[in-house]
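Hi,

Here is the structure I promised to pass on to you.

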Amino acid sequence: MTTDSARRRPHAPSAAVAASRGARVRAAVARRWPALSALALGAATFADGLPGPGFLAALLAAMPVCYLLFGAFRRSFGGMRTAAVQVAGLLVFGAAAAAAVSVGESAGLRLLAAGWAAHAVWDFVHHRTGRVVPRAWSEWCCVVDLCGAAALLAWS
């Protein structure tokens, strides 16, 4: 006569281990919802091609505006230095967007890809410091920017 434990495969996880694994997966998804939703947005936006370069340049110029608005409404600049860094970011990303639409299409798309990748680094720094914008926003924006930069390189 064989017992249940003898019939069970030796490498099969017990119900408690499986439940624990499920709880860990749910916790990881709950922690990373900004990144997961950004991946879904990136896939939906870029899977079938690129939006127009003018639109992508406008987004690159508008991204720093979101940071300025968040910082102003949350009163999270903490001083003039942080506000000045945010304005400098606006000027740099705006200049990159303007340059991208003023050069040829191929060079413009590569410049936009570099700008979007640079903004992902900007987001990452904000995520690490926890300043100016909510961490969920900077995580979400970083992943969207990386998807955009990858799509620009892939489709250009």
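**What I found**

Let me start with the largest pocket: helix H3 (33-46), helix H4 (53-74) and H7 each give at least two residues to its lining. H4 has the largest share, with 6 residues. One thing to keep in mind as you read: this is a predicted model.

The volume of that largest pocket comes out at about 260 Å³. It is lined by 16 residues, and the ones closest to its centre are Leu59, Met63, Trp116, Trp140 and Val144. What classes of residue make up the lining of the largest pocket? There are 14 nonpolar residues, along with 1 polar and 1 charged.

Now for the second largest pocket, which holds about 220 Å³ of space. Helix H5 (80-102) and helix H6 (105-129) each bring at least two residues to the lining here. If you want to find the place on your screen, pick out Arg81, Thr82, Val85, Gln86, Trp122, Val125, His126, Thr129, Arg131 and Val132, which line this pocket. By class, that lining splits into 4 nonpolar, 4 polar and 2 charged residues.

There is also one residue I'd like you to click on, Ser138, which sits in helix H7 (residues 135-155). Is Ser138 buried or exposed? Its relative accessibility is 0%, and buried means under 20%, so Ser138 counts as buried. Leaving out residues up to four places away in sequence, Ser138 touches Tyr67, Asp123, His126, His127 and Val133. With His127 there is a polar pair to look at: a polar atom of the Ser138 side chain lies 3.5 Å from the backbone nitrogen of His127.

Finally, the chain as a whole. Taking contacts between residues at least 6 apart in sequence, 74% join residues at least 24 apart. As for the surface, the chain exposes about 9400 Å², with carbon and sulfur atoms supplying 68% of that.

That's everything from me for now. Enjoy looking around!

Best wishes

How values were computed: Residues are numbered from 1 along each chain as its sequence is written. This is a predicted model: local features need pLDDT of at least 70, side-chain atom pairs count only at pLDDT 80 or more; totals for chains, interfaces and linings use all residues. Side-chain values use heavy atoms; hydrogens and water are left out. Contact means heavy atoms within 4.5 Å. Accessible areas come from the Shrake-Rupley method with a 1.4 Å probe; for residues, only the protein chains shown count as cover. Helices (H or I, at least four residues) and strands (E, at least two) are DSSP runs, numbered from the N terminus. Buried means under 20% relative accessible area, exposed over 50%, partly exposed in between (1.4 Å probe, protein chains only). A polar contact is a pair of N or O atoms within 3.5 Å; within protein, one must be able to donate a hydrogen and the other to accept it, and residues adjacent in sequence count only if both atoms are side-chain atoms. On a 1 Å grid over the protein atoms alone, a cavity is a set of points where a 1.4 Å probe fits but cannot get out, and a pocket is an open set with protein on both sides within 12 Å along at least five of seven lines; lining residues have an atom within 4 Å of a point. Grid points are joined across faces, edges and corners, and a volume is the space filled by probe spheres set on the points. Ala, Val, Leu, Ile, Met, Phe, Trp, Tyr, Cys and Pro count as nonpolar, Asp, Glu, Lys and Arg as charged, and the others, Gly among them, as polar.
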